[in-house]
Amino acid sequence: MAASSMLRRCLRNPRVFSSCAPSPLVHDRFSRLISTLVLAEHEGGFVKQSSLSAVAAAAAVNKEKSVSVLLGGSGPSLLKAASHAASCHPSISQVLVADTDILLHPLAETWAELVRLVQKQGSYSHIISASNSFGKNVLPRAAALLDVSPVTDVIEISEPRLFTRPIYAGNALSTVRYMGEDPCMMTIRSTSFTVSACSSDSKSSEAPISKVDLSSFNEASFPKSRWLKLASQESERPDLGNARTVVTGGRGLKSAENFKLLEKLAEKLGAAVGATRAAVDAGFVPNDLQVGQTGKIVAPELYMAFGVSGAIQHIAGMRDSKVIVAVNKDADAPIFQVADYGLVADLFDVIPELIEKIPDKK
Amino acid sequence: MKVMVAVKRVVDYAVKIRVKPDKSGVETGNVKMSMNPFCEIALEEALRLREAGAAGEVIAVSVGPAQCADTLRTALAMGADRAVHVDSGTVPVLPLSVAKILKALVHVERPGLLILGKQAIDDDCNQTGQMVAGLLRWAQGTFASKVVLDKESQTATVEREVDGGIETISLDLPAVITTDLRLNQPRYATLPNIMKAKSKVIKKVTPAELNVEIKPDLEIIQVTEPPKRKAGAIVSSVDELIEKLKNEARVI
């Protein structure tokens, strides 16, 4: 079955045909046909950290170092991001730029059409994006347009079509094999694919940048949605998804006012602030700080939970942290079952003491 | 305007699940099952739209084995007008197949709005709503925390929970909306309504009758337990905690 679909691909795409025809080994031919597309996001002229994780995942699928990165939008920040993409990973062989105002905002209808168009032009074997609100919104829609089942939130790639992903809020791990037609589509959990530091001086390995042919990309044929606004909380603290240290508050903090105390501790540690659903629902902090099954998944070096009971849905979002510290008055709180260091005490005594005694971060 | 709501029967959110010893899946026999929490929110939103006069009939649909009828009965008790059960037997159905089934039902029922939960808490896929929107070529508003319908302009304004905060978009109807946790607080079914629900109709169809072929293109190789964390230590003071973090864990 694999061989016949390969043959069809070869016939469709003469370039692939010429590269795979001379090979005597079927297995070898298969590996040569792996070409991966990463659907990437950019901000302020740089490819986002989560998209770089998707590139790292693509490199794990693709030993042939032929990863294409797709960027969309318009204006100088798109061009700057394209040149960042071109030199940020040795596996990247091509940067595709979709330069149009239609793609300025992250609307699923237009982006999914773009993915379909680029797949038609490039016949990729894999399409990968980060499992964040952008990837989760766009990739399944694009997969439906291409009539394939996508895989959500991959944490391990064992073979090009064999993946592991968490189910039941991370309480079980499911290993799945993709059996369908190309492309194999997935979103990856960023915290499971580490990005090596991007060296900008490696100009020698710069990938070519080419523009996507958008002549058939017709806005009039898309279902209509309009982007109105984004209300974001400006914060000087590190991004929750990538922070090395995260301090989290739960219902035990009692008020938005008390969260300021936690923020002071975060400042001292150079940490990001997270929250439980209870804290968000009570209005202590905005929803984008929620850590858990339905919020953000984090895996920092140090995770400090204050006044957090440790419900299944919260643990799902932080169980892969290196070191977990829990401070809670209730010695029976389930959070202590996953904590490396637990302190049974009143957080209103502990936090000020920590702020006073923790050595300053340079 | 009719509203269609898709609901899924899943292991109750509070149950601590167990992986089967043969690694074929998660134990679901003799385990409490409930309506997926995000689906409850989807149904509540449809009911509120009807109560506000923005929507007419609310139709609940579920795809799965015979026991899904219980979930649909719950939906009827909460206030759905009628229900459709697509009996897929015991075969597992992937989101792409569910999306194709929902698309076929949309062609039968002609709703102006399709509301789903943003994800099922068992497979954690977060795909079905996006996929059915793509198949129907309708606009999509995922992870909704607020929905406002405008009858005159035939649009829905949706506030979405995204990574950076709250994004607001406007969708032309018909559209697909998937619900986030903060959209609303679902109601409880009262006893009189549970009694009333018994006389409401659950129509039963099969995927074959809808001309949908269930073709799984993902094979589950195995399901395992996640690696256990090693037991931690209880410290007695802030000083001891700082000392351990500095010298033992070396994280500060």
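Are B:Arg160 and B:Glu167 buried or exposed? Both residues are buried, where buried means under 20% relative accessible area, exposed means over 50%, and partly exposed covers the range in between, with a 1.4 Å probe and protein chains only. The two also form a salt bridge, with the closest N and O atoms 2.6 Å apart; the term denotes a side-chain nitrogen of Lys or Arg within 4 Å of a carboxyl oxygen of Asp or Glu.

Before I continue, some remarks on the basis of the work. This is a predicted model, in which local features need pLDDT of at least 70 and side-chain atom pairs count only at pLDDT 80 or more, while totals for chains, interfaces and linings use all residues. Residues are numbered from 1 along each chain as its sequence is written, chains are lettered from A and ligands numbered from 1 in the order in which they are written, and side-chain values use heavy atoms, with hydrogens and water left out.

The model scores ipTM 0.96 and pTM 0.91. Chain B averages a pLDDT of 96, and 100% of its residues score at least 70; pLDDT is the predictor's confidence in each residue, from 0 to 100.

Let me turn to chain B as a whole. Its secondary structure comes to 6 helices and 13 strands, which are DSSP runs numbered from the N terminus: helices are H or I with at least four residues, strands E with at least two. Of the 252 residues in chain B, 54% are buried. The C-alpha atoms of chain B fill a box of roughly 65 × 45 × 40 Å along the principal axes.

Within chain B, consider strand β10, residues 175–179. Here 5 of its 5 residues are buried. B:Ala175, B:Ile177 and B:Thr179 point one way, and B:Val176 and B:Thr178 the other way. In a regular strand the side chains alternate between the two faces of the sheet. Two strands count as paired if DSSP finds at least two bridges between them. Strand β10(B) pairs in the parallel sense with β6 of chain B, residues 113–117, over 5 bridges, and B:Leu116 stands opposite B:Thr178. Strand β7 of chain B, residues 139–150, also runs parallel to β10(B), joined by 4 bridges; there B:Ala144 has B:Thr179 as its bridge partner.

Finally, charged contacts. Over all chains, the structure holds 32 salt bridges. In chain A, A:Lys48 and A:Glu41 form one, with the closest N and O atoms 3.4 Å apart. A:Lys48 is partly exposed at 26% relative accessible area, whereas A:Glu41 is buried at 14%.

Which residue forms a salt bridge with A:Asp281? The partner is B:Arg182, with the closest N and O atoms 3.3 Å apart. A:Asp281 lies in helix α9 (residues 277–281) of chain A and B:Arg182 in the loop between β10 and α5 of chain B, so the pair joins two chains. A:Asp281 is partly exposed at 41%, as is B:Arg182 at 22%. These two residues belong to a network of salt bridges that also links A:Arg277 and B:Glu161.
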